[in-house]
Amino acid sequence: MSPRSFRPPRFLPASSGTGAAVLVLLLAGLPSAQAQTATPALVPPVQATQPADPGNAKGGYVLPEPGAPRAAPPASAAPPPPPSPEAQETLRLVNAYRAAGATCGSQRYEPAPPLAWSAALEQAALKHARDMAARRDMSHTGGDGSSMSQRVGREGYAWSALGENVSAGYRSIADGLRGWMQSPGHCRNMMGAQFREIGVGAAFTSGDSFGWYRAMVLGTPR
């Protein structure tokens, strides 16, 4: 989907052994036309809750994963670095959408509390974006078979609710956010009042029709 046209979600075929270089950039746009030669695309978002809430499975967007890792980070862990300027701008844009309220498909969402930036969720999103770009495969399943909750667990994030949006082909984070907001399921993730924190990452791969691969992870700590 894109702000200009809509099409069914699709996957790009996985590619290996091509020798194409993968350039990983966090939340940055690329002015070159090389960044996009195909219509941007999305796959349905996913969510998970702890414990699972069967009554919240609207439209198939909730994916309960009660066995997901929930280990807390070590008590001696150093404080995370402050968000980069790009991350701060992303957070500002997301919170502006939440403050305004939105209609996601046929469902109206009233203004939601602002999100805080999470370094752990940022790392989970960035690593997944890098993996999608390397494989040229837009999916919620990692190249190692990992799920959203497993990737977040690897970063030591103890969570009670999670959501993930992914996209391909959007050259800037602003375009990517607009694309997600125009897709009912992705919009519901971004507007969900159950989420308290967010992290977003992006990766670019050359010689690919989409170029940019993006991931957003939303969460609520335990």
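Reply: What follows is a look at one helix and its surroundings. The model is predicted. The part in question is helix α1, residues 85-100.

Start with its partner, helix α4, which covers residues 173-181. The axes of α1 and α4 come within 10 Å of each other and cross at roughly 25°. Angles under 35 degrees count as roughly parallel, so α1 and α4 are roughly parallel to each other. Their crossing is right-handed. On the α1 side the contact is made by Thr-90, Leu-93, Val-94 and Tyr-97. On the α4 side they meet Ile-173, Ala-174, Leu-177, Arg-178 and Met-181. Sorted by class, this contact has seven nonpolar residues, one polar and one charged.

Val-94 also belongs to the largest nonpolar core, which has 22 residues. Val-94 is among those with the most contacts inside this core, as are Leu-115 and Met-191. At least two core residues each come from α1, β4, α4, α5, β8 and β9. Leaving aside residues up to four places away in sequence, Val-94 touches Leu-115, Leu-177, Met-190, Ile-198 and Met-216. In soluble globular proteins, nonpolar side chains tend to be buried together.

Now take another residue of α1, Ala-99. Its relative accessibility is 51%, so Ala-99 counts as exposed. Ala-99 touches Pro-111 and Ala-112, again not counting residues up to four places away in sequence. Pro-113 is 14 residues from Ala-99 in sequence, and their C-alpha atoms are 7.0 Å apart in space.

Note on methods:
Residues numbered from 1 in each chain as written. Predicted model: local features only at pLDDT ≥ 70, side-chain atom pairs only at ≥ 80, totals over all residues. Heavy atoms only, no water. Axes fitted to C-alpha atoms, helices over the stretch in contact; angles between N-to-C directions. Helix = DSSP H or I, 4+ residues; strand = E, 2+ residues; numbered from the N terminus. Parallel < 35°, antiparallel > 145°, perpendicular 65-115°, else oblique. Left-handed = near helix turned anticlockwise from the far one by under 90°. Contact = heavy atoms within 4.5 Å. Nonpolar A, V, L, I, M, F, W, Y, C, P; charged D, E, K, R; others polar. Core = buried A, V, L, I, M, F, W, Y, C linked by side-chain atoms within 4.5 Å. Buried < 20%, exposed > 50% of the residue type's maximum accessible area, 1.4 Å probe, protein only.
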